[in-house]
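The notes follow in the order in which I looked things up.

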Amino acid sequence: MARFFQPKKKTQLNTKHQSLTIEKLDHHGAGMAYQNNKPIFIEGALPGEQVLAQLTESKSKFARAKLIKIQQPSQQRIEPFCAHYHECGGCNMQHLSSAAQQEYKQQTLSQLMSKFAGQSIELDAPILGDSQSYRRRARVSIKLNKKTRQLEFGFRKKNSQDIVNVTHCPVLDTELDALLAALYSLLRGFSNQENIGHLELVKGDNTNVIVLRHLKPLKAQDQQALEDFSQQQGAALYLMPESDQLNRVVGESAHYREAGVTIPFEPNNFIQVNQKVNQAMVQQAITWLELTAQDRVLDLFCGLGNFSLPIAKQVMSVVGVEGVDVMVEKAASNAQFNQIDNASFYQANLEQDVSGQLWAAEKFDKILLDPARAGASGIIEQISALGASRVVYVSCNPATLARDSQSLLSQGYRLQKLGMLDMFPHTSHLESMALFVKD
């Protein structure tokens with residue numbers, strides 16, 4: 001007898017408001033309640049709070065809910081300082097005091113390292129910067145609303161592609177923040193507003209940068225108005241007719257300074273968003289590596305030379321390796337700009353075996369890694385073979401740091417130092433730095 005597949009009926013979601021007790025925060029900053037041993041994640045809720053919530057998703061092993069009302073608030077809850085907090089998807093932890101945020105991030109880092117790498121260690125003091133006006137770059141979303149014919153200008157809403165209109169952002173650098181309202185007013189006067197893509201603002205030490213992505217050529221009068229505005233503001237202006245094309249039409253190239261070097265960059269190059277934390281991070285890495293004038297240092301995922309160039313000032317030689325050709329060329333150019341002749345840069349796929357690479361033929365005394373969120377899988381297995389006695393791992397994802405730490409430990413390294421870097425205050429995002437040594 002033939003049997004026919006019959007799909008299970010979907011269980012109807014119970015959208016009735018429910019009173020829940022929040023027990024802890026997850027690693028993304030959401031409050032966690034439990035119902036029949038199943039975790040329910042509630043954005044915006046804090047441990048110890050009694051809340052009224054409405055389920056938005058229910059799976060077999062977890063559920064998500066929308067916060068409706070706080071029935072009993074936590075003593076750590078504070079009033080968010082931004083008027084757009086409840087809509088904007090940018091800062092998800094303004095309802096928690098800065099001190100409590102930092103404690104939460106340190107606990108998250110410790111828990112992940114203990115759970116996945118089996119390492120329990122007292123954390124070093126965190127690297128902190130300003131809690132507001134710290135962002136030196138931002139992308140502003142722009143869209144012409146087809147119904148209202150009004151230009152929307154700001155940041156994406158939480159869990160949405162819709163735009164919150166924002167002309168003042170308290171976490172944006174004050175000089176960039178001051179440009180928002182004027183740029184919004186200027187762009188609302190443009191012809192063919194539907195052809196505006198997005199706006200990027202970047203702060204250099206010598207100039208601010210405005211980048212406009214446009215889908216079709218700008219009208220002459222619109223481009224002239226934008227150029228005049230940029231000149232009045234003393235800002236560099238770039239136009240981006242294609243996603244991979246940048247044309248500077250006003251002003252000079254930007255750069256930033258740190259640890260005795262000047263690092264020129266283009267607005268589409270990666271730079272750390274928080275300059276004060278970046279400066280302290282570079283200095284801490286140099287201190288933890290215990291550099292000497294005889295050291296040969298390897299900087300993996302070197303980017304523009306953010307670590308390589310300051311390190312080169314203190315050692316015999318530095319080799320920087322990066323996967324993107326353009327960044328390798330830029331790092332080499334930045335070394336030349338600073339008259340640094342003991343740093344060389346190479347392109348390589350760091351997910352593959354590098355033992356045949358020319359730069360890997362000689363051993364290194366110290367190694368620094370600063371990978372993207374995916375971590376350093378591939379190259380991490382080869383660290384011991386490269387000879388370093390001290391390894392500093394800078395991470396923007398504690399989960400992949402914990403994973404990669406397992407490899408370093410199996411290669412004979414031990415975790416000597418671990419610290420949190422608060423690169424993004426008022427968000428659940430945390431960066432960290434770990435020192436591994438081999439005696």
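I took contact to mean heavy atoms within 4.5 Å. The model is predicted, so I noted that local features need pLDDT of at least 70 and side-chain atom pairs count only at pLDDT 80 or more, whereas totals for chains, interfaces and linings use all residues. Residues are numbered from 1 along each chain as its sequence is written, and side-chain values use heavy atoms, with hydrogens and water left out.

Entry 1: α2 and α3.
I took helices (H or I, at least four residues) and strands (E, at least two) as DSSP runs numbered from the N terminus. Leu-179, Ala-182, Leu-183 and Leu-186 of α2 meet Ala-225, Leu-226, Phe-229 and Gln-233 of α3. The classes are nonpolar (Ala, Val, Leu, Ile, Met, Phe, Trp, Tyr, Cys and Pro), charged (Asp, Glu, Lys and Arg) and polar (the others, Gly among them).
For the axes I used lines fitted to C-alpha atoms, for helices over the stretch in contact, with angles from 0 to 180 degrees between N-to-C directions. The axes of α2 (residues 174-188) and α3 (residues 220-233) come within 11 Å and cross at roughly 160°. That makes α2 roughly antiparallel to α3; the terms are roughly parallel under 35 degrees, roughly antiparallel over 145, roughly perpendicular from 65 to 115, and oblique for the rest.

Entry 2: α1 and α7.
I found α1 and α7 (residues 398-410) packed at an angle of about 40°, with their axes 9 Å apart. That makes α1 oblique to α7. The contact of α1 with α7 has 10 nonpolar, two polar and no charged residues. Among those that meet are Leu-109, Leu-112 and Phe-116 in α1 and Leu-401, Ala-402 and Leu-409 in α7.

Entry 3: the second largest pocket.
On a 1 Å grid over the protein atoms alone, a cavity is a set of points where a 1.4 Å probe fits but cannot get out; a pocket is an open set with protein on both sides within 12 Å along at least five of seven lines, and lining residues have an atom within 4 Å of a point. I noted 15 lining residues for the second largest pocket, with Lys-24, Leu-25, Pro-47, Tyr-104 and Gln-107 nearest its centre. Helix α1 gives the largest share of this lining, six residues.

Entry 4: the largest cavity.
Which residues line the largest cavity? I listed Phe-190, Ser-191, Asn-192, Asn-195, Ile-196, Lys-216, Pro-217, Leu-218, Lys-219 and Asp-222. This lining divides into four nonpolar, three polar and three charged residues.
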